[in-house]
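Subject: Handover of a structure and notes on its contents

Dear colleague,

Please find below the structure that I am handing over to you. I would be grateful if you could read the notes that follow with the structure open.

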Amino acid sequence: MTVSAVSSATTATTTSSSSSTSSNSTLTSSDFLTLLVSELQNQNPLDATSTTDLVNQLTSYANFTSQQSINSNLSSLASSFSSLVTLNSVNYIGHTVEAKSDTATLSNGAATYGYSLSSTASDVSISISDSSGNVVYTGTGTGNSGSNSFTWDGKDSSGNQLSDGGKYTISVTATDTAGNSVLNYTTVSGTVTGIDTSTSTPSLTVNGVAVSAANILGVTS
């Protein structure tokens, strides 16, 4: 369609509507109808809007309003799902869980970790780092296919006993006879003492360390 002339009053109306739309970042029913009426009033009689074009415009608006409704419903659904996840996370409090993680708190002079191997490893190297990233211990571990555990006695490479309360991270390198890595993931176990819902995925406090609820592998007690 070609619009040959637009009155000043219509231009003002259209401009006002466009400004309102921009400020609200949302096309309302009133905005759409105002634009549609302006289009019909100011169309070229010799080149009028075809029925097909008009139907397409109405269909586009219908799709737009439907999308707005869907977005609103999805937002409500996401909020409800988040509340449900939080409620389920509360049930972990007081229970001992195993979760995918690599950090544990040194308690009573020891910290226990686990790691899973996809197949038997011929060489397993373990290092423990403090919260600043400094390696405080290096050693070896078992290479059984499946689950393995490692308990660190809290002593650094020089034999000095480190203080309880520090958070230490394990790093495991496990390779088969061909030198290929067979490490799946590392784990920690501990009692859940609280939850943090400040992020989209709630985290559990396990022995003083934050662990994502999505990484829980099982409840042992």
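Predicted model: local features only at pLDDT ≥ 70, side-chain atom pairs only at ≥ 80, totals over all residues.

Nonpolar cores

The largest nonpolar core comprises 20 residues. Within this core, the residues with the most contacts are Tyr 113, Ile 126, Ile 128, Phe 150 and Trp 152. Two or more residues each are contributed by strands S3 (111-117), S4 (123-129), S5 (135-140), S6 (146-152) and S7 (167-175). A separate core of 8 residues lies apart from it, and includes Val 97, Leu 204, Ala 213 and Ile 216.

Leaving aside residues up to four places away in sequence, Trp 152 touches Leu 106, Gly 109, Ala 110, Ala 111, Ile 128, Val 136, Tyr 137, Leu 162 and Tyr 168.

Strand pairing

Strand S9 (residues 203-206) pairs with two strands that are described here. Strand S8 (residues 183-196) runs antiparallel to S9 and is joined to it by 4 bridges; Gly 194 has Thr 205 of S9 as its bridge partner. S9 is also joined by 4 bridges to strand S10 (residues 209-212), again in an antiparallel arrangement, and Ser 203 stands opposite Ser 212 of S10. The hairpin of S9 and S10 has 2 residues between the strands, and Asn 207 in this hairpin takes a positive phi near 50 degrees.

Thr 105

A polar atom of the Thr 105 side chain lies 2.6 Å from the backbone oxygen of Asn 207. Is Thr 105 buried or exposed? Its relative accessible area is 16%, and because buried means under 20%, Thr 105 counts as buried. Not counting residues up to four places away in sequence, Thr 105 touches Ala 110, Ala 111, Gly 165, Gly 166, Lys 167, Asn 207, Gly 208 and Val 209.

Largest pocket

The largest pocket holds about 150 Å³ of space and is lined by 13 residues. S2, S3, S8 and S10 each give two or more residues to the lining, and the largest share, 3 residues, comes from S2.

With kind regards

Definitions and conventions:
Residues numbered from 1 in each chain as written. Heavy atoms only, no water. Core = buried A, V, L, I, M, F, W, Y, C linked by side-chain atoms within 4.5 Å. Buried < 20%, exposed > 50% of the residue type's maximum accessible area, 1.4 Å probe, protein only. Contact = heavy atoms within 4.5 Å. Polar contact = N/O pair within 3.5 Å; in protein donor to acceptor, adjacent residues only side chain to side chain. Pairing = 2+ DSSP bridges. 1 Å grid on protein atoms, 1.4 Å probe; cavity = no way out; pocket = protein on both sides within 12 Å on 5 of 7 lines; lining within 4 Å. Points joined across faces, edges and corners; volume = space filled by probe spheres on them.
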